[in-house]
Amino acid sequence: MSIIVQNISKSYKTKKAVENVSFEVKKGEIFGLIGPDGAGKTTLFRILTTLLKANEGNASVLGFDVIKDYKSIRSSVGYMPGKFSLYQDLTVEENLTFFATLFGTSIEENYDLIKEIYIQIEPFKKRRAGALSGGMKQKLALCCALIHAPKVLFLDEPTTGVDPISRKEFWEMLKRLQQKGITILVSTPYMDEASLCDRIALIQNGLLLKIDSPENITKNYDKVIYDVSTKNRHKLIHDLKNYPSQYSVYTFGEYIHYIDKQMKFNLEELLQYLKDKNHTEIEIKTAIVTIEDVFMDL
Amino acid sequence: MKRFIGFIRKEFYHIFRDKRSLFILFGMPIAQILLFGFAITNEINNVDIAILDHSNDVETQKIINKIKSSPYFKIENQIHNEKDIEAEFKKGKIKAVLIFEPNFSKNLVTKKVATLQTVTDATEPNVASTIANYTTALIQNYQLQKKQYNNQIKVQVQSRMFYNPELKSVFNFVPGVMTIILMLVSAMMTSISITREKELGTMEILLVSPIKPFQVIIGKVFPYIFLSIINAIIILILGFFVFGMPINGSLFLLLFESILFIISALSLGILISTISDSQQTAMMLSLMGLMLPVILLSGFIFPIKSMPIPMQLISNIIPAKWFIIIIKAIMLKGVSIQYIWKETLILIGMTVFFITLSIKKYKIRLE
């Protein structure tokens with residue numbers, strides 16, 4: 001096990017940030033912490049990177065205790081905080097050199113590890129980090145976190161504020177790093193990124209709600225979800241919410257997701273109901289369950 | 001060691017790429033020393049005065065000519081009536097009126113005493129009292145000359161000002177400004193540079209790395225020691241060449257004491273950074289918590305001896321007070337270490353105390 005978290009609780013003054021959280025991350029795994037802003041993801045990262053002390057519970061990284069052996073953890077993990085935390089007034093190259101010397105290594109020594117990422121930003125190596133685009137910044141931050149060849153990588157919301165193409169590229173890089181044996185703990189508010197992890201933990205209001213592989217989480221979802229669409233979308237939401245046996249109604253892309261309370265749900269009745277409400281171009285079909293749907297139901 | 005050098009190199013990048021901090025570092029010392037040296041001064045020059053001469057005889061003309069020829073006063077006009085004095089003051093141009101009594105020369109010969117009255121506009125008390133002193137000095141000088149002719153030898157009180165015979169305010173301001181600037185640059189700049197790392201979040205990465213707290217602190221402080229020494233030298237050069245400030249003692253000792261003071265100021269800066277979370281707080285704390293005491297309680301502007309006892313006691317914990325005593329002694333009196341070892345020891349003690357405290361208070365975690 002690379003990371004072990006046992007019954008961790010943490011509160012700031014009166015506000016509880018994380019409550020009785022336990023999970024384990026296997027060696028070489030990409031483990032995702034999925035949850036909205038303020039769910040407690042960053043607090044967990046800070047506890048594991050020894051930046052914060054938990055009020056209760058134990059945690060260890062690479063077998064080192066986060067309190068007692070904090071120095072050993074600090075020199076063997078890579079950490080990319082949520083906020084872009086490099087020196088904006090230093091160039092790309094100077095940032096990388098600085099972080100290499102900080103960990104007592106050099107760019108050349110671990111160039112193999114960062115090569116694929118670095119060649120994308122190398123044309124801008126004389127540019128100040130503050131002048132880079134969001135995606136470039138994240139790539140540079142990843143390079144800096146990787147330059148000392150850490151065994152565990154902590155990435156706190158690495159793709160927030162990054163364009164979809166850069167996000168996709170970023171995840172491809174993570175997959176390649178995983179193949180090199182690096183354990184990755186990553187957090188994200190984007191549900192679509194959850195399916196790219198080996199296992200995920202759904203977290204909300206400081207509580208861990210579910211831990212499993214993304215496939216199992218969607219497969220084990222016990223309700224049927226319907227994609228519904230009609231010409232008048234706004235009226236549709238209103239009418240579906242007033243349908244007697246409705247369980248849950250929410251927008252999902254171009255469709256409205258509808259879940260019914262009854263096990264024996266009659267599609268025809270709903271169709272007739274919508275027709276009576278003067279809806280046209282009615283379309284109802286079974287939807288593929290996604291992580292987001294599971295999350296909405298928690 | 002390589003890690004440490006890398007850290008210092010990064011600090012220098014920060015300093016040289018930030019136009020604002022460069023300006024504070026080098027622009028301010030020059031501006032302040034010139035400002036204090038030229039504008040804010042207790043000396044008077046070319047003060048406009050008026051004469052009310054009731055006798056208009058040989059002796060009064062002699063005195064008036066003497067006043068005219070001095071660089072301190074400019075005779076703006078002659079008035080002829082006591083009633084006009086207030087009217088002249090109200091116009092605001094003249095600062096003083098010299099009044100000769102009627103029959104000035106005659107009285108001087110017959111009664112051996114003649115009266116000359118100085119009326120000053122005391123809305124600016126310092127200027128007023130300086131004018132009064134200067135005129136007294138001029139008249140005394142005149143009397144002295146006169147006595148030489150008359151061969152009447154009388155006991156004459158002569159005061160001599162040691163170390164600063166002309167009572168030049170520059171001799172007070174150069175050490176004072178140097179103290180303020182070294183304090184400001186050292187303490188404010190380090191506290192800002194450490195809190196900037198906190199604000200930008202880079203402190204998080206520094207913490208999650210093998211670099212040790214004392215390495216971060218020394219790495220932060222080192223560039224500023226270097227730059228502050230350059231600053232001290234600039235101030236000394238300006239003081240010496242522009243204002244004729246003497247350096248009678250050993251230059252080496254002066255630099256050593258300056259470095260000691262710089263380090264104590266830097267450690268105060270680190271202490272400030274440990275209790276502030278934003279650059280703004282750090283700046284306000286440095287300004288209010290350090291600058292004001294340095295200006296008010298160090299003896300730079302207000303003499304410590306004339307403060308109430310509690311204030312005098314408080315002034316003892318201000319490093320700047322000791323530093324001003326030390327550098328004045330070196331520059332003006334030319335003393336060696338044996339006369340100022342006590343003050344030096346106090347400064348060393350304070351520095352060690354602040355450094356230990358700031359390393360102890362440096363947080364190894366975020367809270």
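How much area do chain A and chain B bury between them, and what share of it lies on carbon and sulfur atoms? In this predicted model, for which local features need pLDDT of at least 70 and side-chain atom pairs count only at pLDDT 80 or more, while totals for chains, interfaces and linings use all residues, the two chains bury about 2700 Å², 61% of it on carbon and sulfur atoms. Buried area is here the accessible area (1.4 Å probe) that two parts lose on being put together, summed over both. Residues are numbered from 1 along each chain as its sequence is written, chains are lettered from A and ligands numbered from 1 in the order in which they are written, and side-chain values use heavy atoms, with hydrogens and water left out.

The contact (heavy atoms within 4.5 Å) draws on 31 residues from chain A and 25 residues from chain B. Across this interface 2 salt bridges are found, a salt bridge being a side-chain nitrogen of Lys or Arg within 4 Å of a carboxyl oxygen of Asp or Glu. The side chains of Glu94(A) and Arg17(B) meet in a salt bridge, with an N to O distance of 2.7 Å.

Chain B is divided into domain 1 (9-40 + 168-361) and domain 2 (47-150), with bounds from an automatic or database domain assignment; the C-alpha centres of the two lie 46 Å apart. According to UniProt (unreviewed entry), the feature "transmembrane region" is placed on chain B at several spans, including residues 224-244 and 281-301; such annotations, given in the numbering used here and with shortened feature names, may be inferred rather than shown by experiment. Residues 224-244 of chain B are 95% helix and 0% strand, with end C-alpha atoms 28 Å apart, whereas residues 281-301 of chain B are 81% helix and 0% strand, with end C-alpha atoms 27 Å apart. Helices (H or I, at least four residues) and strands (E, at least two) are DSSP runs, numbered from the N terminus.

The largest nonpolar core holds 159 residues, of which Phe23(A), Leu142(A), Phe154(A) and Leu185(A) touch the most other members. Such a core is a set of buried Ala, Val, Leu, Ile, Met, Phe, Trp, Tyr and Cys residues joined through side-chain atoms within 4.5 Å. Its largest share, 17 residues, comes from helix α7 (residues 170-200) of chain B. Thr179(B) is placed in helix α7 of chain B and counts as buried because its relative accessibility is 0%, the cut-offs being under 20% relative accessible area for buried, over 50% for exposed and in between for partly exposed (1.4 Å probe, protein chains only). Beyond its neighbours within four places in sequence, Thr179(B) contacts Phe261(B), Val294(B), Ala320(B), Phe323(B), Ile324(B) and Ile327(B).
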